[in-house]
Amino acid sequence: MRKQIMLAIACLLLAACDNASKFKVEGSIENAEDSVLLLSHCTLDGVQKIDSVTLGKNGEFSFKVDAPTDCPEFYTLSIGKHIINFAVDSTETLTIKASLPRMESEYTVAGNKSSEKMREIGIMQQKTQARLVEIELNENMLPGDKIDSIESILNDYKERIKRDYIFVEPSSAYAYYAVCQSITDLRGSFMLFNPLTNRNDVKCYATVATAWDGAYPNAARTQQLCNMAIKGMDNTASPQQRALEVDENKISETGIIDINLPDINSNMHSITELKGKVVLIDFTVYGAKESAERTRLMRSLYEKYHSQGFEIYQISLDEDIHFWKYSCENLPWICVHETDGTATRIYGISNLPTFFLVNRNNEIVVRSDFMEGSLESNLQELL
């Protein structure tokens, strides 16, 4: 009798599972016979495999999966490195048709508006990435011209994404996908919209977060968006005017106020570590129009005098971290980045670029605003 009861309970549980709301994704992948098609769920904790099938000669496939309940969710169909992204709102049926070897760029999707929009975004994203790589590989372009071209391409792409996808329907799955997308070039991947460093990007995250909070208030993805927006607002807020308090431990016996900031590899560098050298402390923005020409001048001085004990400690105030890393990746001197404004307040920086010359005793000798003669002539006196 006990066995019969247990069997009945098992049957009821199985029936309940079978009756769970499901979505269906079906279609065909041409030129993919004997290939393994993988269906995965893109969660906040990473990509999780759901199911797979070995395709036959006609390439047809069909998957049935439990439908999302709290908010739209994101999935991929993949064969090796070929990936198609799509979204699911509830119990819809999606039809996806593609063909190898260009499965990720030449496919159709029907049955879900957000997935159709994600296809459009994906194609633009791939074209943008290809243009960036083409510029990075162009040996005939000067570094400054490369930076300007890359910045222009990314700005144009961001403006189109904001106009046509984020602000049109911010509560949609495709708006979430658009604002969270990454760009990959020869130097790795980076967030297209980074609310932690860019005030304008915060507005994009805040718009989608507010819309999702109204539509899906209890979803983990909504909480993620809200957290990013709030943290971004804090990080990019304009510094309030207040009395400057300097930790006495940061003031060396020579009177210089130390700076300790990270380079592109997160290694920390301080001014006091350079005692014994003549140092140019340079506050700059690589995104400024005059930056390329100025960098060429500084490289000339560095190559000429570095062997005599000359060092450059260059502090970037660029909002775009990736842009800063790209700009200084091949520079031979110390390149660091500041995000909280402490060093700029300590050194009273109101205009950029501004630099200071520090003698071998770690003492500031002259500031660029009050310098007489050329930088090189002042440098020669200290060396």
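This is a predicted model: local features need pLDDT of at least 70, side-chain atom pairs count only at pLDDT 80 or more; totals for chains, interfaces and linings use all residues.

**A loop residue to begin with**

I looked up Asn362 and found it in the loop between β16 and β17 (364-367). Helices (H or I, at least four residues) and strands (E, at least two) are DSSP runs, numbered from the N terminus. Phi of Asn362 is near 65°, a positive value in a residue other than glycine. Is Asn362 buried or exposed? Asn362 counts as buried, because its relative accessibility is 2%; buried means under 20% relative accessible area, exposed over 50%, partly exposed in between (1.4 Å probe, protein chains only).

I then turned to Ser266, in the loop between β11 (260-262) and β12 (268-270). Ser266 also shows a positive phi, about 70°, although it is not a glycine. Ser266 is exposed, with a relative accessible area of 57%.

**What I am looking at**

Side-chain values use heavy atoms, with hydrogens and water left out.

I noted 10 helices and 17 strands in the protein. Of its 383 residues, 44% count as buried. The protein exposes about 20,800 Å², and carbon and sulfur atoms supply 48% of that; accessible areas come from the Shrake-Rupley method with a 1.4 Å probe, and for residues only the protein chains shown count as cover. I also checked contacts, where contact means heavy atoms within 4.5 Å. Among contacts with a separation of 6 or more, residues 24 or more positions apart account for 61%.

**An open sheet**

Which order do the strands of the open sheet take? I read β4-β1-β7-β8, 4 strands with mixed pairing; two strands pair if DSSP finds at least two bridges between them. β4 (60-66) and β8 (107-110) stand at the edges with a single partner strand each, so one side of each lacks a neighbour in the sheet. From one strand to the next the twist averages 15°.

I followed β7 (residues 93-99) to β8: they run antiparallel and are joined by 4 bridges. Thr95 has Ala110 in β8 as its bridge partner. In the loop between β7 and β8 I found Pro101, which a cis peptide bond joins to Leu100, with omega about 10°.

Helix α2 (residues 113-137) lies across β7 and β8 and runs at about 160° to β8. Axes are lines fitted to C-alpha atoms, for helices over the stretch in contact, and angles run from 0 to 180 degrees between N-to-C directions.

How do α2 and helix α3 (residues 143-166) cross, and at what angle? Their axes come within 10 Å and cross at roughly 175°. That makes α2 roughly antiparallel to α3 (angles under 35 degrees count as roughly parallel, over 145 as roughly antiparallel, 65 to 115 as roughly perpendicular and the rest as oblique). I picked out some of the contact residues, including Ile121, Met124 and Leu132 of α2 and Ile150, Ile153 and Leu154 of α3.

**A hairpin and its neighbour**

β2 and strand β3 (residues 46-54) pair in the antiparallel sense over 8 bridges and form a hairpin with 2 residues between them. Ser40 has Lys49 in β3 as its bridge partner. Ser35 sits in the loop between β1 (22-30) and β2 (36-43) and counts as buried at 18% relative accessibility. Not counting residues up to four places away in sequence, Ser35 touches Val53, Thr54, Leu55, Ile79 and Leu100.

**Further along the chain**

I placed Leu280 in strand β13 (residues 278-284), where Leu280 is buried with a relative accessible area of 2%. Beyond four places in sequence, its contacts include Met298, Phe310, Tyr313, Phe355 and Leu375. The C-alpha atoms of Leu280 and Met298 are separated by 9.8 Å, with the two residues 18 apart along the chain.

Helix α8 (residues 321-328) is mostly covered, with 6 of its 8 residues buried; among them are Phe323, Trp324 and Tyr326.

My last entry is Pro353, in the loop between α9 (342-346) and β16 (354-358). A cis peptide bond joins Leu352 to Pro353, with omega about -5°.

How values were computed
Residues are numbered from 1 along each chain as its sequence is written.
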